[in-house]
Amino acid sequence: MSAVQRRVTISRQGPSKPSGEGSSHAAQTWSTIAAFLFGALRLNAILVVGALPLVLLCVLAADPLSSTPALIVALYLAMPIIVAAFCAFRDAPAFEVGERLRAEGDAVVPSWWDGFSEYQLLRPVLRTLRATAVTTLRATALPMGAVLVLIVDAQWVLAQSWGLVVAPALFIAALLGLMTALGVAALISEGADARTLVLVRTAAFAMLRSFPFTLLSLLVLGIGLLGLIWQPILCWALASSLILYVVWANTRWSIKPALRPA
């Protein structure tokens, strides 16, 4: 697909814009927003099914935070659908990101939405799941396993008299492991072809290098987790894809320097 470049000339003096141009631009803006919101709502429904263990844990458990290991395992099992959501944010016409990336010559792999119509979402997501689910589970097993071990150790350390000295470092390392797993998910959605250790090392370095974006993503995830615990159905139905969109945007910006065209 050839990139289309537009040249915009800005002049100090010139004829005024036609009266209809402003209204047309406003209508296009509202149409873009409506398409984004409609796509986000449809993706929310797909996320509910794809992350069903995590949803059931948040709905049925009296206090999901008290069963942290189960929460981490459920989040690990949701990684394939998270990758599919990242692919949708990158290429689905509803989010209008893929067209901009290809116009800038920034795409590493062909669009995951090639061959599908503008309004299709479920079938492309299923295709991305078939193509990336096994790779995602294999590549994110190491960082998510590290998160599980670190959280369990931190909980044990807190029960000791000296726990307040060591536990913060363990929790910070666990958060870095979680963001590394999300960085690996973003790399897979970009079609990164590398060994598991290379993906993990690249994602970890990117998260450390772009720590302001990492902190912002952790803040958004924390707010989303609290929403899932307090109002799981409402949060999943309305905000799950929006939360992941912010995380994807920050994570992709962090890993962008490591991406090279094939």
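Reply: What follows starts with the chain as a whole, goes on to the salt bridges and the aromatic rings, and ends with a part of the surface for contrast.

The model is a predicted one, and its chain holds eleven helices and zero strands. Of the 262 residues, 40% count as buried, and among the contacts between residues at least 6 apart in sequence, 69% join residues at least 24 apart. The part you ask about can be followed from helix α4, which covers residues 79-91 and contains Phe 89, and which also contains Arg 90.

Let me take the charged side chains to begin with. Side chains of opposite charge can pair when their charged atoms come close. The structure holds three salt bridges, and Arg 90 takes part in a salt bridge with Asp 91, where the closest N and O atoms are 2.8 Å apart. Both of these residues, Arg 90 and Asp 91, are buried. Arg 90 also forms a salt bridge with Glu 190, with 3.0 Å between the closest N and O atoms. Because Arg 90 lies in helix α4 while Glu 190 lies in the loop between α7 and α8, this pair ties together parts that are 100 residues apart in sequence.

Glu 190 in turn meets the side chain of Arg 252 in a salt bridge of 2.7 Å, N to O. This pair, too, links distant parts of the chain, since Glu 190 sits in the loop between α7 and α8 and Arg 252 in helix α11, 62 residues apart. Glu 190 and Arg 252 are both buried, and the four residues Arg 90, Asp 91, Glu 190 and Arg 252 are linked in a network of salt bridges.

Just after α7, Gly 191 takes a positive phi of about 80 degrees.

Now to the aromatic rings. The structure holds five aromatic pairs, one of which joins Phe 89 and Tyr 245 in an edge-to-face arrangement, with 5.1 Å from centre to centre and 85 degrees between the planes. Phe 89 belongs to helix α4 and Tyr 245 to helix α11 (residues 240-255), so this pair ties together parts that are 156 residues apart in sequence. Phe 89 itself is buried, with a relative accessible area of 0%. The rings of Phe 89 and Trp 248 have their centres 5.9 Å apart and their planes at 50 degrees, so that pair is tilted.

For contrast, consider the surface. Leu 52, Leu 56, Val 59, Leu 60 and Ile 233 form a nonpolar patch there, with about 480 Å² of accessible area together, and helix α2 (residues 52-60) gives the most to this patch, with four residues. Val 59, which lies in helix α2, counts as partly exposed at 38% relative accessibility.

Technical notes:
Residues numbered from 1 in each chain as written. Predicted model: local features only at pLDDT ≥ 70, side-chain atom pairs only at ≥ 80, totals over all residues. Heavy atoms only, no water. Phe/Tyr/Trp six-rings, centres within 6.5 Å; stacked < 30°, edge-to-face > 60°. Helix = DSSP H or I, 4+ residues; strand = E, 2+ residues; numbered from the N terminus. Buried < 20%, exposed > 50% of the residue type's maximum accessible area, 1.4 Å probe, protein only. Patch = residues over 30% accessible without salt bridge, like charges linked within 9 Å, V, L, I, M, F, W, Y side chains within 5 Å. Areas by Shrake-Rupley, 256 points an atom, 1.4 Å probe, with all protein chains shown as cover. Contact = heavy atoms within 4.5 Å.
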